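Subject: Structure for your study

Dear colleague,

Please find below the sequence and structure that I am handing over to you. My findings follow directly after them.

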Amino acid sequence: TLLLQSPPVKFLISPEFFTVLHSNPSAYRMFTNNTCLKHMITKVRRDTHHFERYQHNRDLVGFLNMFANKQLELPRGWEMKHDHQGKAFFVDPNSRTTTFIDPRLPLQSSRPSELVHRQPLTRQRSHSAGEVGEDSRHTGPPVLPRPSSTFNTVSRPQYQDMVPVAYNDKIVAFLRQPNIFEILQERQPDLTRNHSLREKIQFIRTEGTPGLVRLSSDADLVMLLSLFEEEIMSYVPPHALLHPSYCQSPRGSPVSSPQNSPGTQRANARAPAPYKRDFEAKLRNFYRKLETKGYGQGPGKLKLIIRRDHLLEDAFNQIMGYSRKDLQRNKLYVTFVGEEGLDYSGPSREFFFLVSRELFNPYYGLFEYSANDTYTVQISPMSAFVDNHHEWFRFSGRILGLALIHQYLLDAFFTRPFYKALLRILCDLSDLEYLDEEFHQSLQWMKDNDIHDILDLTFTVNEEVFGQITERELKPGGANIPVTEKNKKEYIERMVKWRIERGVVQQTESLVRGFY
């Protein structure tokens, strides 16, 4: 379709996308800190048709607009207009659609190795060493310890061949470390059993950047490398660290200070950010506890034989046929009919991906998108009308539990109240923001302001049941209890509980029962 030829899609799927990303500090921080955004971009780069689903997502729109050059003219035929709130939107004459994404994005020029706007980029200022050279391709984000911002610009030709600047070159240099497999296995223990992935890494080590480009759409490789974003960007080859030019810097640059000396940089080159290190330590501790308690360790085997054209049906019948103890203790093996062979985690990984994509799809009626976006899902109140819905929610809980035990990813994102329900943690007002932003804002305003003689409310709420609006009391006799400044805290707590549990209490209980 014409939408798939639009500037945002061309920009996202460009081979130089990551090079441009790493030259934009604000966008890079957003990309690394927002898991959902990273997931959406990965899926669009893998299959451009996913852009139709994500094109109106606020995070993706905001992210892409960080790259727009507002000094340029709009592409031929495009128009910029403003809505009733004064927010700018753009009219695409080709697809005859509107979008909040600014089309003035970096597009592929006639030189395949360079992404540029249609006019030269202005000089960028570095936080560390004043102004850098005119060529933006050699400019690194100030927040990262990139080598290009720590050297004297006069001596750059002496070391530019030793220190990789392009993102793909950085990946290759990182993977060519002698002990790379030990490094990767620290966070991906399954790598020892995943011979296919090990062969791909060795292929990149041998072939270099061309080999990496050939494997750029490989999902397993992309997911593995995403775990080492910080290390890849901060990695400096040992021979570059030992080069005399590495110590030279102009007066006043960070290299001349003790905390930025080459020795300190070598010590910190591989150290991830504290919050990331803390999360990974928790994750390793979590899996260690599961292994200590015998989860997924056998000696029994949990064998699933799945027909691709009856994926959900076969998965439901077989998984629900096992006892809770068998599911928790046994090792998992998945075989697709007609594709028999050893399961070195590849078929199992694909199974969880495919099942989650079907099971948590709002099309089937068990789950629905949250009010804020079209990628996080929650239990749907309408699921009560799905046949055998309690068993399906028990099955959903078992799928989540098995994915955790065997360390597989699911193609689904959930709201924070959903995760709290799994952990049996009570929700509060702040959790509503992830479920229904407008509802959250109204209650937050009530909490922050004096409502005396402003709001005329009682401890009741109107809800729709079979198309009819009915009044429901939040507490016994609530219709006769006015909401005042003194009791508004209780009112807010009960409203939060009602909004989160509305029509999904029993379904949630079934899902949690299956999960545990």
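I begin with Leu60, which touches Leu37, Met40, Ile41, Phe51 and Tyr54 when residues up to four places away in sequence are not counted. Please keep in mind that this is a predicted model. Leu60 belongs to helix H6, which covers residues 58-65. Its relative accessible area is 1%, and because buried means under 20%, Leu60 counts as buried. Leu60 and Cys36 are separated by 24 residues in sequence, while their C-alpha atoms are 9.3 Å apart in space.

Next, the nonpolar cores. The largest of them contains 37 residues, and Phe351, Phe367 and Phe395 have the most contacts inside it. Elements that each give two or more residues to this core include strand S8 (301-306), helix H17 (311-319), strand S9 (331-336) and helix H19 (346-359). Also among them are strand S11 (376-379), helix H20 (389-406), helix H21 (416-422) and helix H24 (505-515). Helix H20 provides the largest share, six residues.

Apart from its neighbours within four places in sequence, Phe367 is in contact with Leu359, Phe360, Pro362, Val377, Gln378 and Ile379, among others. Its contacts also include Ser380, Phe393, Ser396, Phe418 and Leu511.

Helix H24 also holds Gln507. Is Gln507 buried or exposed? Gln507 is buried, because its relative accessible area is 4%. The side chains of Gln507 and Ser383 are joined by a polar contact of 3.1 Å. Leaving out residues up to four places away in sequence, Gln507 touches Ile379, Ser380, Pro381, Ser383, Ala384, His389, His390 and Phe393.

Phe279, Leu283, Phe286 and Leu404 make a nonpolar surface patch of about 340 Å². Helix H16, residues 274-292, gives the largest share of the patch, three residues. Leu404, another member of the patch, lies in helix H20. Leu404 is classed as partly exposed because its relative accessible area is 33%, and this class lies between under 20% for buried and over 50% for exposed.

You may then turn to Phe367, one of the residues with the most contacts inside the largest core.

Yours sincerely,
A colleague

Note on methods: Residues numbered from 1 in each chain as written. Predicted model: local features only at pLDDT ≥ 70, side-chain atom pairs only at ≥ 80, totals over all residues. Heavy atoms only, no water. Core = buried A, V, L, I, M, F, W, Y, C linked by side-chain atoms within 4.5 Å. Buried < 20%, exposed > 50% of the residue type's maximum accessible area, 1.4 Å probe, protein only. Helix = DSSP H or I, 4+ residues; strand = E, 2+ residues; numbered from the N terminus. Contact = heavy atoms within 4.5 Å. Patch = residues over 30% accessible without salt bridge, like charges linked within 9 Å, V, L, I, M, F, W, Y side chains within 5 Å. Areas by Shrake-Rupley, 256 points an atom, 1.4 Å probe, with all protein chains shown as cover. Salt bridge = Lys/Arg side-chain N within 4 Å of Asp/Glu carboxyl O. Polar contact = N/O pair within 3.5 Å; in protein donor to acceptor, adjacent residues only side chain to side chain.
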